[in-house]
Amino acid sequence: GAGLPARGDLTPNMSVFFGRGCPYRCRFCARSYHTVRHKSVEHVTEEIRALRDRFGVRAFHFYDELVVFSRDLTLNLCEKMSGLGVYWDCQGRVNLVDRELMAIMKASGCYSIGFGFESGNDRMLQAMGKRTTRRQNMAILRAAREVGLHLKIQLMCGYPGETEQTMKDTVSM
């Protein structure tokens, strides 16, 4: 199962930023920047190392809108995080992550990843400008369960055009 580490393993914890921005333009998003800027993997992992060594921080939450936006960059981050002996979590997108990448992330200390599923109905996802599908959402749910990675799923209800049936599609995921 996708069990979380023991509470004591996740404290003390701290939020850090790898970067900011998101290249996607979901219609509901209030973000004013649509490009991604990030620190180097070496820079952010040195920050994490210093916080671990100086203050005993054992878990890190990447507070970015989207950490997993490039497979190569994520693999590099996982490689550097692996040697730090800390836990971490972040935000991704279902169209950018697969079972293999989640397994690598978990092995590097990632215990949880958030996804904005928003809806379980393709018509609603299209209306929102998500550029993702129910099928992708379901595939990520299965893959995360197989890997044992905890998911934080963000859902939205009441978007213009929402109906009782589209809500049922979301609840049935």
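## Ground rules

Residues are numbered from 1 along each chain as its sequence is written, and side-chain values use heavy atoms, without hydrogens or water. Since the model is predicted, local features need pLDDT of at least 70 and side-chain atom pairs count only at pLDDT 80 or more, while totals for chains, interfaces and linings use all residues.

## The sheet

Let's start with the strands. An open sheet is formed by 5 strands in the order β1-β4-β5-β6-β7, with parallel pairing; strands (E, at least two residues) and helices (H or I, at least four) are DSSP runs numbered from the N terminus, and two strands pair if DSSP finds at least two bridges between them. The edges belong to β1 (13-16) and β7 (150-155), each with a single partner strand, so one side of each has no neighbour in the sheet. On average, neighbouring strands are turned by 20° against each other, direction ignored.

Further in, strand β5 (residues 87-92) runs parallel to strand β6 (residues 110-118), and 5 bridges join them. Here Trp88 stands opposite Cys110 in β6. Helix α1 packs on the sheet, where α1 touches β1 and β4 (59-62), and its direction makes about 145° with that of β4.

## α1 against α2

Helix α1 (residues 41-55) packs on helix α2 (residues 71-82) at an angle of about 30°, with the axes 10 Å apart. Axes are lines fitted to C-alpha atoms, for helices over the stretch in contact, and angles run from 0 to 180 degrees between N-to-C directions. That makes the two helices roughly parallel (angles under 35 degrees). Their crossing is right-handed, that is, the near helix is turned clockwise from the far one by less than a right angle.

Val41, Glu42, Val44, Thr45 and Ile48 of α1 make the contact with Leu73, Asn76, Leu77, Lys80 and Met81 of α2 (heavy atoms within 4.5 Å).

## α2 against α3

On to the next pair: the axes of α2 and helix α3 (residues 99-107) come within 8 Å and cross at roughly 25°. These helices are therefore roughly parallel too, but α2 passes α3 in a left-handed crossing. From α2, Arg71, Thr74, Leu75, Cys78 and Ser82 meet Glu100, Leu101, Ile104, Met105 and Ala107 in α3.

## An aromatic pair

The model has 6 aromatic pairs, counted when ring centres of Phe, Tyr or Trp (its six-membered ring) lie within 6.5 Å. One of them joins Phe18 and Phe62 edge-to-face, 6.2 Å centre to centre with 65° between the planes; edge-to-face applies over 60 degrees. Phe18 lies in the loop between β1 and β2 (19-20) and Phe62 in strand β4, 44 residues apart, linking distant parts of the chain.

Definitions and conventions
Parallel < 35°, antiparallel > 145°, perpendicular 65-115°, else oblique. Phe/Tyr/Trp six-rings, centres within 6.5 Å; stacked < 30°, edge-to-face > 60°.
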